[in-house]
Amino acid sequence: MTNLKFEELKLSNELVRAVKDMGFEEATPIQSKAINVILAGKDIVGQSQTGTGKTAAFGLPCIDSIDTENKKLQAVILSPTRELAIQICEEFRKFLKYKDDIKVLPIYGGQPIDRQIFALKKGVQIVVGTPGRIMDHINRRTLKMETVKMVVLDEADEMLDMGFREDIETILDKIPEDRQTILFSATMPKEIMELTEKYLTNPETIKINRKELTVPNIEQIYFEIKERTKVEASSRLIDMYNPDLTVIFCNTKKRVDELVEHLQGRGYFAEGLHGDLKQIQRDIVMKKFRNRTIEILVATDVAARGIDVDDVDMVINYDLPQDEEYYVHRIGRTGRAGRSGRAFSFVVGRDIYKLRDIMKYTKAKIKLGKLPSLTDIEEAKTNNFIEKVKSVIEEGRISKYISIAENMINEDISAIEIAGALLKMNLYDKTAEDIDFEDDIENNSDTLVRLFLNIGSKKRIRPKDIVGAIAGECGIPGKSIGDIDIYEDYTFLDVPKKYVKDILKGMKGKKIKKVSVKIERAKSKKL
Ligand code: ADP
Ligand code: MG
């Protein structure tokens, strides 16, 4: 099915005008398929990934089904998080540009309930909220479900993951049965099917398959690197491409915190977003990112899910996602609404197999790239700077500075010298590490040191026992341990040079599988 024009859908003129004003040229696949079905009053189950335009898919027909004469609550949208509820509301308000007789309100925890009650009393036809807070209002009788005609479960899988099942069921039980029920989800686990069977009536299933999902306009590149060069590699990509907004994904909260610290240490405006942060802290971070106070957001998948920030120019998969579907979610953050974007992935050792799975799953071409060298970056920075200088000259209003320059020239300093010195002051980068990265990546075997361990397969030792013991006793990342060759009575293993001291010290007098071990530098080098 080809994408439809908004005029071809049975939407009101006011909505068609509003989406045009928003820059939507045509309906996305999920919108093309879902809108008329919802307008016809049918229940639907819609499945498509992040970034495919689900909000408008249910939002536009929802708005057109509201009776503007009736000021009572008519539609309820359930959403997993407060950020998402706010975003949906903001999007609805844009849709409502030419329909100002419909009121929509976000309802979420963390905001004073009195204020919400006050707003609700003024008459609201659509509420968008998290299940918990909506339950609260139902219990206080400040939200009455009796008049509701439509209910939407957005990101249903996420709501279930967050433990909202009971609340959702209670809410659905309170809404009259002749309502229309719409469920959207990125994935369709068993629990969702159960919910669908129980609460939807002859639903039409609309699924956008993966091929239609692949996000256009995105350059997808991967780099084969070592774990310990990831920070440097991230910095280089940022310096090279000079993006306004970057999202970097890590697989754990701890790694988010560590990376943020490194990036801040290098002078970047970076902050982290993960589940350990309080809601209010997360709101602050998101706000800073939206208004460009920070340029780099480092996040875990769960924390970033559903957050819609326009204009993300670059996504870096600092860690490859555990789950292939996450890859799609992650890179869906960039190149939205026809913009171009870049998606970079770091691949360490065995990650390459995971990357192949991702390519198979997404049918995406992810190309092997080469990280920019310091020279490339210097060149890019210089070009940026020259562009900046040109635009300052174009803008004018520099006479004050020209007279300073004239004074210097009167002191017998040439214009060229002045310009050269100013360029040096602006372009010389003290923080640039003077390591040769390419060398480090391609020829890093010399930075690994071979260790000898005095037990082997006779003691039924397995690689994971060794990795576990060393990681546990010495506090070094298990992943950093290289090849392990186990022989009958002894074992060789490669470890990064920088950890050798810690390992020799940490393993002194320790046991692996109840056997006392001795670990020392191997005598001969690995061939
Ligand atoms: P999803 O809920 O599927 O993750 P959203 O509804 O958040 O996706 O939409 C993702 C982005 O795409 C938003 O910035 C939205 O404004 C934009 N968008 C939605 N529909 C269209 C369209 N038809 N044309 C252009 N941009 C669109
Ligand atoms: Mg959405």
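User: Hi! Of the contacts in the chain with a separation of 6 or more, what share comes from residues 24 or more positions apart?

Analyst: Hello! This is a predicted model, and in it such residues account for 75% of those contacts.

User: Thanks. How many helices and strands does the chain have?

Analyst: There are 22 helices and 20 strands. The C-alpha trace spans about 85 × 85 × 45 Å along its principal axes.

User: And what part of the chain is buried?

Analyst: Buried residues make up 48% of the 527 residues. The accessible surface of the chain is about 27,800 Å², and carbon and sulfur atoms hold 50% of that.

User: Let's go inside. Which residues touch the most other members in the largest nonpolar core?

Analyst: That core has 40 residues, and the ones touching the most other members are F58, L60, I77, F92 and I126. Elements giving two or more residues to this core include α3 (54–64), α4 (82–95) and β4 (126–129).

User: What is F92 in contact with, leaving aside its neighbours within four places in sequence?

Analyst: F92 is in contact with T55, F58, G59, C62, I63, I77, V104 and I126.

User: Which residues does the second core include?

Analyst: The second core is separate and has 31 residues, among them V76, M145, L153 and I175.

User: Switching to rings: how many aromatic pairs does the count come to?

Analyst: The count comes to 13 aromatic pairs. One of them joins F223 and F346, a tilted pair with 6.4 Å centre to centre and 55° between the planes.

User: Where in the chain do F223 and F346 sit?

Analyst: F223 is in strand β8 (residues 218–224) and F346 is in strand β13 (residues 341–347), so you'll find them 123 residues apart. Both F223 and F346 are buried.

User: What kind of pair do F452 and F492 form?

Analyst: F452 and F492 form an edge-to-face pair, 5.9 Å centre to centre with 65° between the planes. F452 lies in strand β15 (residues 448–453) and F492 in strand β17 (residues 491–496), so this pair ties together parts 40 residues apart in sequence.

User: Are those two buried or partly exposed?

Analyst: One of each! F452 is partly exposed, with a relative accessible area of 23%, while F492 is buried at 17%. The cut-off for buried is under 20% relative accessible area.

User: Which residues form the aromatic cluster with F223?

Analyst: F223 forms one aromatic cluster with Y241, Y318, F344 and F346. Y318 also has a charged neighbour: the charged end of K230 sits over the Y318 ring, 5.4 Å from its centre.

User: What sits over the ring of Y98?

Analyst: The charged end of R17 does, 3.8 Å from the centre of the Y98 ring.

Key: Residues numbered from 1 in each chain as written. Chains lettered and ligands numbered in written order. Predicted model: local features only at pLDDT ≥ 70, side-chain atom pairs only at ≥ 80, totals over all residues. Heavy atoms only, no water. Phe/Tyr/Trp six-rings, centres within 6.5 Å; stacked < 30°, edge-to-face > 60°. Helix = DSSP H or I, 4+ residues; strand = E, 2+ residues; numbered from the N terminus. Buried < 20%, exposed > 50% of the residue type's maximum accessible area, 1.4 Å probe, protein only. Lys NZ or Arg CZ within 6 Å of the ring centre and 35° of its normal. Core = buried A, V, L, I, M, F, W, Y, C linked by side-chain atoms within 4.5 Å. Contact = heavy atoms within 4.5 Å. Areas by Shrake-Rupley, 256 points an atom, 1.4 Å probe, with all protein chains shown as cover.
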